[in-house]
Amino acid sequence: MLTGDDARTAAAIARQTGVGRVLAEVLPGQKAGEIRRLQAAGRRVAMVGDGINDAPALAAADVGLAVGTGTDVAIEAADITLVSGSLAGVVTAISLSRATMRNIRQNLFFALTYNGIGIPVAAGILYPFLGLRLSPAIAAAAMALSSLSVVGNANRLRRYHSAPLPTAGPVHGEPQVETPASAGTGEAEAERVTDPVCGMTVDPATAPERRGTGADAVYFCSAGCAAANDAEPGRPVQEKVSQS
């Protein structure tokens, strides 16, 4: 759980929900940095949020899910919007997406099967052996049946209902709560560097752009800042904007 609330409040919520690891008292940029750190480790990350402070992390995640009762900024930054304010919608969204992908694969199978059989027969592949030709009326009916099967199978999703969530049991154990000021995250913050163009703090491990190697390496928050530095090395972008 990533939250800007204090560690005591975050720990209380984590105990109720069964969350094992909490990063509390974090800023919006630190939320997005944690998302990028997980992605750099090879993980696919989904982020659920509802506030303005969650927008950078929602945009950085592989899948951003905004709570429908949240702010417009979070909804714009996310890929999926949950209509209700319940986090149970996350489970529904995942299960519905899986059902949709299954339906797509089934429709592709139906379409390829009909065309794989119908087109060779219509071309006369059976005529030299059995003297059979495909009547235009039968061909038209087969094409219509192919479309009806695909549309009918897709319409099954209209009756989709997610399974009810199981009742939550008692939560055992204390959550691991960290803050930027704690020892675990303090070392990580010490390793961060500053983009010389825009002045933003950048994690060297996940920086989009870099120039140089070793101790002389310079890290940038975006390709735009790197390009600006290449054009006029060492000159902050704020000065370029003010003079333009």
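What follows is a short tour of a sheet, a helix and some salt bridges.

Keep in mind that this is a predicted model.

**A closer look at β2**

- β2 pairs with β3 (residues 63–67) in the parallel sense, over four bridges.
- To find your way along that pairing, look for M47, which stands opposite G64 in β3, and for G49, whose bridge partner in β3 is A66.
- To get from β2 to β3, the chain passes through helix α3 (residues 55–60), and this β-α-β crossover is right-handed.
- In a regular strand, side chains alternate between the two faces of the sheet.

**Helix α2**

- α2 spans residues 28–40, which makes 13 residues. From its first C-alpha to its last it reaches 19 Å, close to the 18 Å expected at 1.5 Å a residue.
- Which residues of α2 are buried? They are K31, A32, G33, E34, I35 and L38.
- Those buried residues pack against β1 (21–23), β2 and α3.
- Just after α2 comes G42, with a positive phi of about 90°.

**Salt bridges around R21**

- R21, E34, R37 and E178 are linked in a network of salt bridges.
- In the pair formed by E34 and R21, the closest N and O atoms are 3.4 Å apart. E34 lies in helix α2 and R21 in strand β1, so this pair ties together parts that are 13 residues apart in sequence.
- R21 also meets E178 in a salt bridge, at 3.5 Å from N to O. Here the link is between distant parts of the chain, as R21 is in strand β1 and E178 in strand β5, 157 residues apart.
- Buried or exposed? E34 counts as buried at 11% relative accessibility, and E178 is buried too, with a relative accessible area of 13%. R21 is partly exposed at 35%.

**The E174 and R15 pair**

- The side chains of E174 and R15 meet in a salt bridge of 2.9 Å, N to O.
- Where do the two partners lie? E174 is in the loop between α7 (136–155) and β5 (176–178), and R15 is in helix α1 (residues 7–17), so the pair ties together parts that are 159 residues apart in sequence.
- E174 is exposed, with a relative accessible area of 61%, whereas R15 counts as partly exposed at 38%.

How values were computed
Residues numbered from 1 in each chain as written. Predicted model: local features only at pLDDT ≥ 70, side-chain atom pairs only at ≥ 80, totals over all residues. Heavy atoms only, no water. Pairing = 2+ DSSP bridges. Helix = DSSP H or I, 4+ residues; strand = E, 2+ residues; numbered from the N terminus. Right-handed = clockwise from strand over helix to strand, strands pointing away. Expected span 1.5 Å × (residues − 1). Buried < 20%, exposed > 50% of the residue type's maximum accessible area, 1.4 Å probe, protein only. Contact = heavy atoms within 4.5 Å. Salt bridge = Lys/Arg side-chain N within 4 Å of Asp/Glu carboxyl O.
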